[in-house]
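This report describes an annotated site and a helix pairing. The sequence and structure are shown below.

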Amino acid sequence: MTGSRPAKDFFRPLAVGAPEPVREVPARPSRAIHFFDPSNAKMAAKVPDMVGTVDVLLGNLEDAVKADNKVAAREGLVEIAQATDFGPTQLWTRINALDSPWVLDDLTTLVPAIGDKLDVVMVPKVQGAEDIHYIDRLLAQLEAKAGLDRPILVHAILETARGVANVEEICGASPRMQGLSLGPADLAADRRMKTTRVGGGHPGYLVREDPPRVDGVANLEASRSTYQQDLWHYTIARMVDACAMHGIYPYYGPFGDISDVVACEDQFRNAFLLGCVGTWSLHPKQIAIANRVFSPSTEDVAHARRVVAAMGDGTGAVMLDGKMEDDASLKQCLVMVELAEQLAA
Ligand code: GLV
Ligand code: MG
């Protein structure tokens, strides 16, 4: 059984001096979460120069770091974090999975050494609320021991079928929950989907037009268009609803075909339109794409401001450019205006 204990029951500081939990997720932009491997000297050397150019820098300790390099990655992250002033850029890490031999050392090393700089811990392969409870308790102990006065937030990757089934309880499992990302590669494998890509679409996942009919008879010889469908729509929509319900942030995740910037932008834009606030960047060129896509366009913001102005006290209905605007469209426009203001701050 999972998640049988209500969140308020389990979340309390474990020790005198442990930081009080925060319920409000700070409204700081995190359009691009840029992954780097702290055990890769070339990549690590670039980190200080990236400060201020991206909303989040994430030192990755999990998949894509070789087993032999796990300790070097952990130590490399400590070294980089201690030597760098991150200014407006958030520092996150992706720790190893809870069933791995490395995760305990990840947290017991990182929190005392760089807990004052770490904004968010990303937890992979989260299956249910119990995984978040474990991380939450451990963080509370380590924060109290280190005398930290700011709780480290938690971000879960949705990348198992069980995690998707438990998505609502994961989002509400702790006041530390900052957001969720889609993990399309692990999720595809766990669901036994027949894909071999990291995110994105598949040319075989499509819908074909109905055949034209002549005197009621279908002409199956006629050429017909096909339309590629989005493999990830269901999961993203489900994740967005669960995050909105709990007041935390949904994110797309990785897009592995670095060379296909056009499809990458399409995939990110779909996620933005559905409600996601950001995505992962696996290569510097994906940062620019994410920053562009996850910021509302100047035209959309200008239109939203016009609707807000035209709606006066916010009730009733007005006609603007031949379109009806009312309380509900005002709320949509406020989402856009608030995001623009948050990004401009
Ligand atoms: C990310 O971790 C993924 O599995 O897609
Ligand atoms: Mg994964």
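## Asp186 in the predicted model

In this predicted model, Asp186 is partly exposed, as 19 other C-beta atoms lie within 10 Å, and a residue counts as buried if there are 20 or more. Asp186 belongs to helix α8, which covers residues 184–191. Leaving aside residues up to four places away in sequence, Asp186 touches Lys125, Glu159 and Thr160.

## The annotated binding site

According to the unreviewed UniProt entry, the annotation "binding site" covers Glu159 and Asp186. These residues span 28 residues in sequence, yet no two of their C-alpha atoms are more than 5.3 Å apart, so they gather at one spot.

Glu159 is placed in the loop between β5 (153–158) and α6 (161–165). Glu159 counts as buried, with 26 C-beta neighbours inside 10 Å. Residues up to four places away in sequence not being counted, the contacts of Glu159 are Pro124, Lys125, Gly183, Asp186, Leu187 and Asp190.

## Packing of helices α10 and α11

Helix α10 (residues 261–274) packs with helix α11 (residues 284–293) at an angle of about 35°, and their axes are 10 Å apart. The crossing in which α10 passes α11 is right-handed.

On the α10 side, the contact is made by Val261, Cys264, Glu265, Phe268, Arg269 and Phe272. From α11 come Lys285, Gln286, Ile289, Ala290 and Val293. Classified by residue type, the contact of α10 with α11 has seven nonpolar, one polar and three charged residues.

Note on methods:
Residues numbered from 1 in each chain as written. Chains lettered and ligands numbered in written order. Predicted model: local features only at pLDDT ≥ 70, side-chain atom pairs only at ≥ 80, totals over all residues. UniProt positions renumbered as here; feature names shortened; annotations may be inferred. Helix = DSSP H or I, 4+ residues; strand = E, 2+ residues; numbered from the N terminus. Buried ≥ 20, exposed ≤ 12 C-beta atoms within 10 Å, placed from the backbone. Contact = placed C-beta atoms within 7 Å. Axes fitted to C-alpha atoms, helices over the stretch in contact; angles between N-to-C directions. Left-handed = near helix turned anticlockwise from the far one by under 90°. Nonpolar A, V, L, I, M, F, W, Y, C, P; charged D, E, K, R; others polar.
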